[in-house]
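Me: I'd like to learn how to read a model like this one, feature by feature. Can we go through it together?

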Amino acid sequence: MEYLELVFDIPLDRRFSYKNDMLKPAALGCRVEADFRNRRLVGYVVGLGAQGPEGLPEAKIKSIRRRIDAQPVFSQESISLARWMAQTYFSSEGECLAGMIPGGRRETELPGSGLDEVLIDPQAHILSDEQEKALEGIFSAPGGHHYLYGITGSGKTEVFLQAASRTLAEGRAVIYLVPEIALTAQVVDAVKARFGAQAAIIHSALSPSQKLTEWNRILCGEATVVVGARSAVFAPVARLGLIIIDEEHEGSYKSGSSPRYHARQVAMRRCANSKARLIMGSATPSVEAWQLMDEGRIARHVLSRRLSGGALPELRVVPMAGVSGCLSKELISEIRAAKSAGRQSILFLNRRGFSYFFHCKSCAYELVCKHCSVSLTYHKERGRMVCHYCGFQAPPPTVCPSCGSLDVGYSGFGTEAIEEETARLFPDMKISRLDTDSTQKKGELDRILSDFRQGKIDILLGTQMVAKGLNFPGVRLVGVVMADTALHLPDFRAAERTFSLIVQVAGRAGRHFPDGRVIIQTFRPENPAVRMAAQGDLEGFYRAELAQRRMADFPPFTRLIRFVFRSRSLEDARAAARDFASRARAAVAQDVEILGPAECPIAKVAQNYRFQLIIRSQSFGPMHAALLSLHAAYQCPGTVYLEVDPDPVSLL
Ligand code: ADP
Ligand code: ZN
Ligand code: ZN
């Protein structure tokens, strides 16, 4: 008889004993099916023994229903990593393992195959002096953390690819992380062209069984270069030699559900265990990474020049006070100028929909979602008011629902409004919109990107999707339609996000010709994040932002752990948060600060009231240890759900 220790994808961090009375043994790292509290669940085998647990009568131990895998899907390293993650992220071993295996859970990523016929050059480039120096620096010592800090278009990808080749030549494997596969087709194609059958692409457009096939190719050592988004950091390569994190500053590297891990932190852990190298890269490093570079804990390698004939564009700030509509006359004339030069424009606005607020001018009523404390957005195309948090929809009102007045109006504009305005202003131009609404249909994202690359579209407008790593030779003009949309958010990263978005989207202009133009429209031209982004003063921005963070005791000078209590009952959520806060006060050391409980800035989402507690300290270890044992012993009331988020990226 064989005894198994199983874990399940449930928020309970415990191992459960089962027996295997099948003919064939189940190996460590295999999946099995087992009955658990009246449900049949997938269990992961994390322990094996010839004897059952002590003190538990044989008859009490349930048998598994069936074995799912003949061969293990998790290596010993994955199992140890899950153990570490469960603790670090207040999660469970089972949730961590489930999050590693592609298709283990439903992932929500952008639609689109990303398999675009991009022209890429399978041949390695001869490195520039700066690239050469960076690569030599990276390989001058075994292991270590490195950063390619290089302006957009400075050839970071080429250094990553050559670092990957050298690692393979050492007989070791490579994991190459990108923020979103669908928007990084160029990198994916370059990896496939260079490494052929040695490459595995973990991609959300693959079916679960295709994903498992890729996973198995990695496990058995056939694929030694793995490209993928966040969860590819778990790729079960043996002999890991290098992890690459492209666009390190991207928010998508942080998981939004349990385990709330950051791929950068998991990568550091795996690299330390395997004595592997870690190379991150971005034109706008996260403030945390910048501080680690200043402290010398990450080696900084600078790439300062564009390599394919481009130059950094000329940036101009246009104040929007007094401008009616979405586009200033400066932006309008630059769009015309780009078109007459036979070139293209990108317009960026971080807001979907048509307009943002519906309000009554008689009684000041504002239309908010029935289930959430956020305004409804008017989507003209669908003819609906839509909640971007819970999906609630309602017909657009024509009179004030509160006082019946007809004097009502909309304010604030989104991408649909810009589309309408540009179509009216430039009837001779071909315009396409790129956002999550316009790319719902399968294949639409690829079609738009490919048309734009081929010059069939004059103006591409959209949300963050147009700001990401896209490389379009024909783009002359980038217009940031409203730079300050995120600045008012009550979040200590608001300035950092605004800054990096402006610099990144500006970097789409002038990649191949030295005549790029960028227009930044804003109501707050004096805001430091907007001003320094426009001046290209990156060093100045990091210096000022770090000084602010130090003064306000925010990361990277402190570490935070956020506890969110949510419930259909406001009273229950508040009471649980208060109760937990007083226990936490008793459990932590003097130097740990407990902020709150307070209502979350978004106080209600999908009928759930939300209260948060932010716990802060200069040293993570003791704070984390105290809260982990408190959390393990804590019984959350049945009507309340508790979310724990170590090192949160958003406090909304
Ligand atoms: P980044 O990732 O830094 O934004 P890319 O990797 O997209 O920059 O590189 C920009 C362009 O420069 C690409 O078209 C690439 O093919 C080209 N390139 C990279 N390295 C070299 C080199 N050593 N010589 C010539 N062109 C290069
Ligand atoms: Zn009214
Ligand atoms: Zn809602």
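Me: Which residues form one aromatic cluster?

Reply: A quick caution before that: this is a predicted model, where local features need pLDDT of at least 70, side-chain atom pairs count only at pLDDT 80 or more, and totals for chains, interfaces and linings use all residues. Residues are numbered from 1 along each chain as its sequence is written, chains are lettered from A and ligands numbered from 1 in the order in which they are written, and side-chain values use heavy atoms, with hydrogens and water left out. As for aromatics, rings of Phe, Tyr and Trp (its six-membered ring) pair if their centres lie within 6.5 Å; planes under 30 degrees apart are stacked, over 60 edge-to-face, and the rest tilted. Here F90, F563, F565, F580 and Y634 make up one cluster.

Me: How many aromatic pairs does the structure hold?

Reply: There are 23. One of them is F354 with Y378, an edge-to-face pair with 5.9 Å centre to centre and 75 degrees between the planes. To place it you need the element numbering: helices (H or I, at least four residues) and strands (E, at least two) are DSSP runs, numbered from the N terminus.

Me: Why is the pair of Y378 and Y410 called stacked?

Reply: Because the ring planes are at 20 degrees, with the centres 4.9 Å apart. Y378 in strand 16 and Y410 in strand 19 are 32 residues apart in sequence, so this pair ties those parts together.

Me: Are Y378 and Y410 buried or partly exposed?

Reply: The scale is relative accessible area: buried means under 20%, exposed over 50%, and partly exposed in between (1.4 Å probe, protein chains only). Y378 is buried at 15%, and Y410 is partly exposed at 33%. F354 is buried too.

Me: What are the protein donors of the zinc ion (ligand 2)?

Reply: Donors are N, O and S atoms within 2.8 Å of the metal (3.2 Å for Na, K and Ca); water is not among the atoms, so sites may look incomplete. For ligand 2 they are the SG atoms of C360, C363, C400 and C403, lying 2.3 to 2.4 Å from the zinc ion. Along the sequence the spacing reads C-x2-C-x36-C-x2-C. C363, in the loop between strand 15 (355–360) and strand 16 (377–379), and C400, in the loop between strand 18 (393–394) and strand 19 (408–413), link distant parts of the chain, 37 residues apart. C363 is partly exposed at 33% relative accessibility, and C400 is buried at 3%.

Me: Why is the arrangement around the zinc ion (ligand 2) tetrahedral?

Reply: Four donors count as tetrahedral if all angles lie between 85 and 135 degrees. Ideal angles for four tetrahedral donors are 109.5 degrees. The four donor atoms around ligand 2 subtend 105 to 112 degrees, which makes the arrangement tetrahedral.

Me: Which residues coordinate the zinc ion (ligand 3)?

Reply: C369, C372, C387 and C390 do, each through SG, at 2.2 to 2.4 Å. The site of ligand 3 is tetrahedral, with angles of 104 to 113 degrees, and its donors are spaced C-x2-C-x14-C-x2-C. C369 lies in the loop between strand 15 and strand 16 and C390 in the loop between strand 17 (384–386) and strand 18, so the pair ties together parts 21 residues apart in sequence. C369 is buried at 4%, and C390 is partly exposed at 29%.

Technical notes: Tetrahedral: all angles 85-135°; square planar, octahedral: opposite > 155°, others 65-115°.
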